[in-house]
Amino acid sequence: RLDANLISVVPEKSFEGLLSLRHLWLDDNALTEIPVQALNHLPALQAMTLALNQIWHIPDFAFQNLSSLVVLHLHNNRIQSLGANGFDGLHNLETLDLNYNELLEFPGAIKTLGRLQELGFHSNNIKAIPENAFVGNPLLQTIHFYDNPIQFVGQSAFQYLPKLHTLSLNGATDIREFPDLKGTTSLEVLTLTHAGILLLPRGMCQQLPSLRVLELSHNQIEDLPSFHWCQRLEELGLQHNRIHEIRADTFVQLIALRSIDLSWNSIRFIHPEAFVTLHSLTKLDLTDNQLVTLPLDGLGGLTHLKLQGNPAVSEPLTKESFPKMRVLEVPYAYQCCAYGSCSSFFKMSSQWEAEDMSPEEEDPHKRTMELFPGHADNQYDLDTDDLQLDLEESKLHPTVQCTPSPGPFKPCDNLFE
Amino acid sequence: VHPNVSQGCQGGCATCSDYNGCLSCKPRLFFVLERTGMKQIGVCLSSCPSGYYGTRYPDINKCAKCKADCDTCFTRNFCTKCKSGFYLYSGKCLEKCPDGLEANNHTMECTSIVH
């Protein structure tokens, strides 16, 4: 271990004879260059860290004799440039950490790293990921590249990565088309937000049979394909797009889908059978769209429903439509009345009359009880058995958090009818 | 300085508190949370304890646990000494050596077959 010293130079013969050396720590020193000559004598080296130095460039063939190296950490240096053959010779490298450097361009030198599994180059200054960027790295499982000003991503950049599980791309505003992910069949989490995607390809799901989470918020998507072939999809984020319609086949047969966020779109119409087959759906966010009505078939399992910002949705809701509801946001206060908010509202009013009650006298536990729905005529002075009974009952009908809750200026009756 | 942070810290602490021990370490030392019963106490060490590996960052040096089958490691995914019952091969702990390699029960490693 040579870490945490003030080493600025490693003489050529420093490691001569160390033919069995496997692990080398040179992190947290003052190196400004890769000690190429000194590293030429370490045929058994498997793991090395040069992190936390001031290295600014990786020359060609910098590690050419380190054929046994499996792990190479170069994070927290000042690497700006990298020779096209900078990583030649690293035939067994599995982990490469280039995070927290000053790379201006995509590290193309990785093309020779055929066994690479883990690659990090987040927190650099890279603006583009080129076509076929990882064509030489078929074993890649994780790629971390957030916190780069990435504007452009080649359409074929992430093809043929059969072991990749997660792909996150945020803010690449130059992306206009959904990437072609042919051969990247194990992808489970795909995040592609704040870009300029207009269209989702029809065959998208056929390429992504393992997809569980698809996050496409803040794009310009207008029309949705059928996600039918995304059979393992659990979470779908489409907020802040330009979607105007949900068809019968859009979400058909997505039996694992638990959450859909369609807020901040322009949805005017949802086909009556759009949610029928979604047996696992518990969360649906339709905030700020242009809905006139909400089809209820298939929504019986919802625990969270958000409809605010759809002024034309004025029909009252019934408790029977959503037996498991816990959080409900609706356009109008009277739509909360189905959930007993009115009785709590009446109680609240009597509570308001007793305003001169000093805070000490007011028993917080008593106020919670007041809010139990369906106990409008509660006399507060329950004995313990009744209290126990009441608590048991409340577990069966947990209070539904419904907003906007009615009040003096938001009456329970729809004044416009 | 926060009222609960005392200046007269021991060992390698840069700041500490009566209840939580070290809150931050002097340069180049590793920050480790040691558990004593329900309590966690911060300590500063020159290197990480056995079963942990160290990662140095500009603002803090941290220790993190090796994998369950590994005694000492370089990073979480690269073991340098496996727990008993496992053979070490290229940073991994294997119950059985891959084809083409033989198990050396002395070093507990998978090695090339010598003809």
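A word on conventions. This is a predicted model, in which local features need pLDDT of at least 70, side-chain atom pairs count only at pLDDT 80 or more, and totals for chains, interfaces and linings use all residues. Residues are numbered from 1 along each chain as its sequence is written, chains are lettered from A and ligands numbered from 1 in the order in which they are written, and side-chain values use heavy atoms, with hydrogens and water left out.

Let us begin with the cores. A nonpolar core is a set of buried Ala, Val, Leu, Ile, Met, Phe, Trp, Tyr and Cys residues joined through side-chain atoms within 4.5 Å. Buried means under 20% relative accessible area, exposed means over 50%, and partly exposed lies in between, with a 1.4 Å probe and protein chains only. The largest core here has 105 residues, and A:Phe134 and A:Phe158 are among those with the most contacts inside it. Strand S11 (166–170), strand S12 (189–193) and helix H1 (204–207) of chain A each supply at least two residues of this core. Helices (H or I, at least four residues) and strands (E, at least two) are DSSP runs, numbered from the N terminus. Apart from this core lies another, of eight residues, including B:Cys66, B:Cys73 and B:Leu88.

Which residues does A:Phe134 touch, leaving aside its neighbours within four places in sequence? Among them are A:Phe106, A:Leu119, A:Ile143 and A:Phe158, where contact means heavy atoms within 4.5 Å.

I turn now to the interface. Chain B gives 15 residues to the contact and chain A gives 22 residues. Together the two chains bury about 1,600 Å², 56% of it on carbon and sulfur atoms; buried area is the accessible area (1.4 Å probe) that two parts lose on being put together, summed over both. Of the area that chain B buries against chain A, 43% comes from B:Arg28, B:Arg56 and B:Phe74, more than from any other three residues.

How many salt bridges cross this interface? The rule finds six, a salt bridge being a side-chain nitrogen of Lys or Arg within 4 Å of a carboxyl oxygen of Asp or Glu. One of the salt bridges joins the side chains of B:Lys92 and A:Glu94 (2.7 Å, N to O). On the side of chain B that touches chain A, strand S6 (52–56), strand S8 (70–75) and strand S9 (78–82) of chain B each give two or more residues.

Over all chains, the search finds 16 salt bridges. B:Arg56 pairs with A:Asp3, their closest N and O atoms being 2.8 Å apart. This pair crosses from strand S6 of chain B to the segment before strand S1 (23–25) of chain A. B:Arg56 is buried, at 3% relative accessible area, and A:Asp3 is also buried, at 11%. Both residues belong to a network of salt bridges that includes A:Arg1, A:Asp27 and B:Arg28.

Finally, consider a pair within chain B. B:Lys81 forms a salt bridge with B:Asp71, with 3.3 Å between the closest N and O atoms. B:Lys81 lies in strand S9 and B:Asp71 in strand S8 of chain B, so the pair ties together parts that are ten residues apart in sequence. B:Lys81 is partly exposed at 46% relative accessibility, and B:Asp71 is partly exposed at 24%.
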